There are 2 protein chains.
Amino acid sequence: MKTSQRKKLEAAGWKVGSTREFLGLSNEEAAFVELKLTLSNSLKKCRTNQGLSQTELAKRLRSSQSRVAKMEASDPAVSIDLLIRALLAAGAKRRDIAKAIAKSESLAA
Amino acid sequence: MKTSQRKKLEAAGWKVGSTREFLGLSNEEAAFVELKLTLSNSLKKCRTNQGLSQTELAKRLRSSQSRVAKMEASDPAVSIDLLIRALLAAGAKRRDIAKAIAKSESLAA
DNA sequence: TGCCCTAATGTCACATCTGACATAGACTGA
DNA sequence: TCAGTCTATGTCAGATGTGACATTAGGGCA
């Protein structure tokens, strides 16, 4: 696992602690965070493969460069909604998204 | 296509019109709405397969019955974030979600 | 009939997300 | 060196999503 990813996950460490004391939700919370991480990684790959800058992608999305940067940084304050919109705007198809999600590149290792 | 689905899509018809006048974003918008529709259908299946009531799932999610109902109704005011959280809470695994998304049960027909 | 369980729909105060903007660092090429 | 491009990070007002609540409707059962 790349350290950049670890850093991201820690950054996205998030409110995980706040729900962990309850039921067995921690697993689902963790899965959710990992999913976001996967999507943001996919987004970065997808964007660069298309030769797009963050600014260009932002324009397509009618968003801003800073937000695209946050998406790729797995900023906790970015929704999956936005990530998926961005992926679609970056040329990813539904099937591509499914494939990305299927890859359970678990960060537990 | 079942009429219930059509109804949902129309209900989810959403702000599609508001962006359609711009670039070629309509396709991505449509894909996004269809994706939400797919996820809410999956959620309903997943929940009933588990023999859970909306209220029970809501408790797991720390949400409310009414919101679960809205999720399954593809209410525009429900985020993909919440849908995915709900799927995970309903016992779906990452792989299951990917599989659901991969099925491009296009509504265009 | 009444009671209970389930689900759908509307509303609202509050929380979260969003785009825009400013700024800064890294890296180019002139 | 400087100007230009790309990316990262912080902030904030306004937009959107959220849980909770009330209400309604339908079905099963005593």
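In chain A, 67% of the contacts between residues at least 6 apart in sequence join residues at least 24 apart; two residues are in contact if their C-beta atoms, placed from the backbone, lie within 7 Å. Please keep in mind that this is a predicted model, in which local features need pLDDT of at least 70, side-chain atom pairs count only at pLDDT 80 or more, and totals for chains, interfaces and linings use all residues. Residues are numbered from 1 along each chain as its sequence is written, while chains are lettered from A and ligands numbered from 1 in the order in which they are written.

Let us start with chain A by itself. Its secondary structure comes to seven helices and zero strands, giving the pattern α-α-α-α-α-α-α along the sequence. Helices (H or I, at least four residues) and strands (E, at least two) are DSSP runs, numbered from the N terminus. Of the 109 residues of chain A, 33% count as buried. A residue is buried if 20 or more other C-beta atoms lie within 10 Å of its own, exposed if 12 or fewer, and partly exposed in between, with C-beta atoms placed from the backbone.

After α6(A) comes A:G91, which has a positive phi near 100°.

Now see how helices pack inside this chain. Two packed helices are described by the angle between their axes and the distance between the axes. Axes are lines fitted to C-alpha atoms, for helices over the stretch in contact, and angles run from 0 to 180 degrees between N-to-C directions. Angles under 35 degrees count as roughly parallel, over 145 as roughly antiparallel, 65 to 115 as roughly perpendicular and the rest as oblique. Helix α4(A) packs against α6(A) at an angle of about 105°, with the axes 9 Å apart, and α4(A) and α6(A) are therefore roughly perpendicular to each other. Here A:L57, A:R60 and A:L61 of α4(A) meet A:R85, A:A86 and A:A89 of α6(A). By class, this contact of α4(A) with α6(A) has four nonpolar, no polar and two charged residues. For these classes, Ala, Val, Leu, Ile, Met, Phe, Trp, Tyr, Cys and Pro count as nonpolar, Asp, Glu, Lys and Arg as charged, and the others, Gly among them, as polar.

Helix α4(A) also packs with α5(A), at an angle of about 105° and with their axes 8 Å apart, which makes α4(A) roughly perpendicular to α5(A). In this contact A:Q54, A:T55, A:L57 and A:A58 from α4(A) meet A:Q65, A:R67, A:V68 and A:A69 from α5(A). The classes in the contact of α4(A) with α5(A) are four nonpolar, three polar and one charged.

Next, bring in chain B. Two copies of a chain are related by a rotation about an axis and a shift along it.

The contact takes 18 residues from chain B and 18 residues from chain A. On the side of chain B that touches chain A, the elements giving two or more residues are α3 (25-49), α6 and α7 (94-102) of chain B. The axes of α7(A) and α7(B) come within 8 Å and cross at roughly 170°, which makes α7(A) roughly antiparallel to α7(B).

Finally, turn to the DNA. A residue is near a strand if its C-beta atom, placed from the backbone, lies within 6 Å of it. Of the 19 residues around DNA strand D, A:S53, A:S66, A:A69, B:S66 and B:L82 come nearest. Helix α5(A) gives the most to the surface near DNA strand D, with five residues. Of the 19 residues around DNA strand C, the nearest are A:S66, A:L82, B:S53, B:S66 and B:A69, and the largest share of that surface, five residues, comes from α5(B).
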